[in-house]
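Please keep the sequence and the model at hand while reading.

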Amino acid sequence: MKPLKIAALACALITPLAGTTAAHASAYPVKNPVLTKNSLYQTGPLPTTTCEELPVKPKNRAQARAYIDEVIRCLENTWGQHLKNAGLPYEPVKVRHVTSLPKNYCGSDNGNDDSQAWYCDWDRTLSFKLGKSWLDSPSDLWLFNTAASMYGYHVLKLAGIYDAGEDLRARSKSEHHEQARRLSLQAECLGAAFMQSVWPIKGRTTEDWDKFLWLVQGDQRGDDPLYGKTSTIKNWIRAGFRTGDPGSCNTWTAPSSKVA
């Protein structure tokens, strides 16, 4: 089984709860149009392209890194076109492959998992740490989806959604966690929308997709509820994959029950 979290929230929405005098105090429903009516949602499905996977043998870190880099190249082509069509800014993401991360990378505790992927909004960088848990059996779609969903954070940054989410102030810990889940679930959905835009992937079948969904897990007992229940994450992944349209990924207008 893969580690629980394929995407780590970096910086945004992991800040301490703000006082009640915060300038942008809000509760559901979220009213900021940057979050709820962003032009990212108005441009239709992502352009249909192809993205061929590079071979990855078990325990071969160099091949896995090359694989991820190729998926990122595909992501840049697709999202660059979509963002420009939406009238939004575009710039390539920076990518780092590391064997270890600083204890408080990008202002957040990154834990002890041997395999991790982080997006840091401070320098717009994706960092991938590939360890045993992701390299032992790399034949599934896990690495592909990890790259795609993590790139979703970069899309949200470029669209202004990341910063607008960071500006929200919560009046309770539970509301703070809900805001974090809205951002995380949106990135998951955007990753799945991209996967639909390049589907079918050469050599893949619906069996591969079903196996990937089986691997997905949500928050576990004792965790801070920052990512969502397993069923919730899968629902948003399915929504993005079903349409290939970022408009299906507007978590900010969804009721609380849909982002639990």
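Cysteine 106 and cysteine 120 form a disulfide in which the sulfur atoms lie 2.1 Å apart, and the link is right-handed, with 80° about the S-S bond. The pair links distant parts of the chain, since cysteine 106 sits in the loop between β1 (94-98) and β2 (116-120) while cysteine 120 belongs to strand β2, 14 residues apart. A disulfide is taken to be a pair of cysteine sulfur atoms within 2.5 Å, and strands (E, at least two residues) and helices (H or I, at least four) are DSSP runs numbered from the N terminus.

Strand β2 is mostly covered, with 5 of its 5 residues buried; Gln116, Trp118 and Cys120 point one way from the strand and Ala117 and Tyr119 the other way. β2 pairs with strand β3 (residues 125-129) in the antiparallel sense over 5 bridges, where pairing requires that DSSP finds at least two bridges between two strands. Cysteine 120 stands opposite threonine 125 in β3, and in the hairpin of β2 and β3, which has 4 residues between the strands, arginine 124 takes a positive phi near 55°.

## Basis of the model

This is a predicted model, in which local features need pLDDT of at least 70 and side-chain atom pairs count only at pLDDT 80 or more, while totals for chains, interfaces and linings use all residues. Residues are numbered from 1 along each chain as its sequence is written, and side-chain values use heavy atoms, with hydrogens and water left out.

## Overall make-up

The secondary structure comes to 8 helices and 3 strands, and along the sequence these follow the pattern α-α-β-β-β-α-α-α-α-α-α. Of the 260 residues in the protein, 55% are buried. The accessible surface comes to about 11400 Å², of which 50% belongs to carbon and sulfur atoms; such areas come from the Shrake-Rupley method with a 1.4 Å probe, and for residues only the protein chains shown count as cover.

Among the contacts with a separation of 6 or more, residues 24 or more positions apart account for 76%, contact meaning heavy atoms within 4.5 Å.

## The other disulfides

The protein has 3 disulfides by the cut-off given above. One of them joins cysteine 51 to cysteine 74, with an S to S distance of 2.1 Å, and with 90° about the S-S bond this link is right-handed. Here too the pair links distant parts of the chain, cysteine 51 being in the loop between α1 (33-36) and α2 (61-85) and cysteine 74 in helix α2, 23 residues apart. Cysteine 51 is buried, with a relative accessible area of 3%, and cysteine 74 likewise counts as buried at 3%.

Cysteine 189 and cysteine 249 also form a disulfide, their sulfur atoms 2.1 Å apart, and this disulfide is left-handed because the torsion about its S-S bond is about -75°. Cysteine 189 lies in helix α6 and cysteine 249 in the segment after α8 (230-243), so the pair ties together parts that are 60 residues apart in sequence. Cysteine 189 counts as buried at 0% relative accessibility, and cysteine 249 is buried at 0% as well.

Helix α6 is mostly covered, with 22 of its 25 residues buried. At 1.5 Å a residue those 25 residues should span 36 Å, and the end C-alpha atoms are 37 Å apart, which agrees; the expected span is 1.5 Å times one less than the number of residues.

Arginine 182 is found in this helix, which covers residues 173-197, and at 1% relative accessibility arginine 182 counts as buried. Its side chain reaches the backbone oxygen of alanine 254 at 2.8 Å. Leaving aside neighbours within four places in sequence, arginine 182 is in contact with Tyr28, Thr251, Trp252, Thr253, Ala254, Pro255, Ser256 and Val259.

Leucine 168 lies in the loop between α5 (161-167) and α6, and is buried with a relative accessible area of 8%. The C-alpha atoms of leucine 168 and valine 30 are separated by 8.9 Å, although the two residues are 138 residues apart along the chain.

Note on methods: Buried means under 20% relative accessible area, exposed over 50%, partly exposed in between (1.4 Å probe, protein chains only). A polar contact is a pair of N or O atoms within 3.5 Å; within protein, one must be able to donate a hydrogen and the other to accept it, and residues adjacent in sequence count only if both atoms are side-chain atoms.
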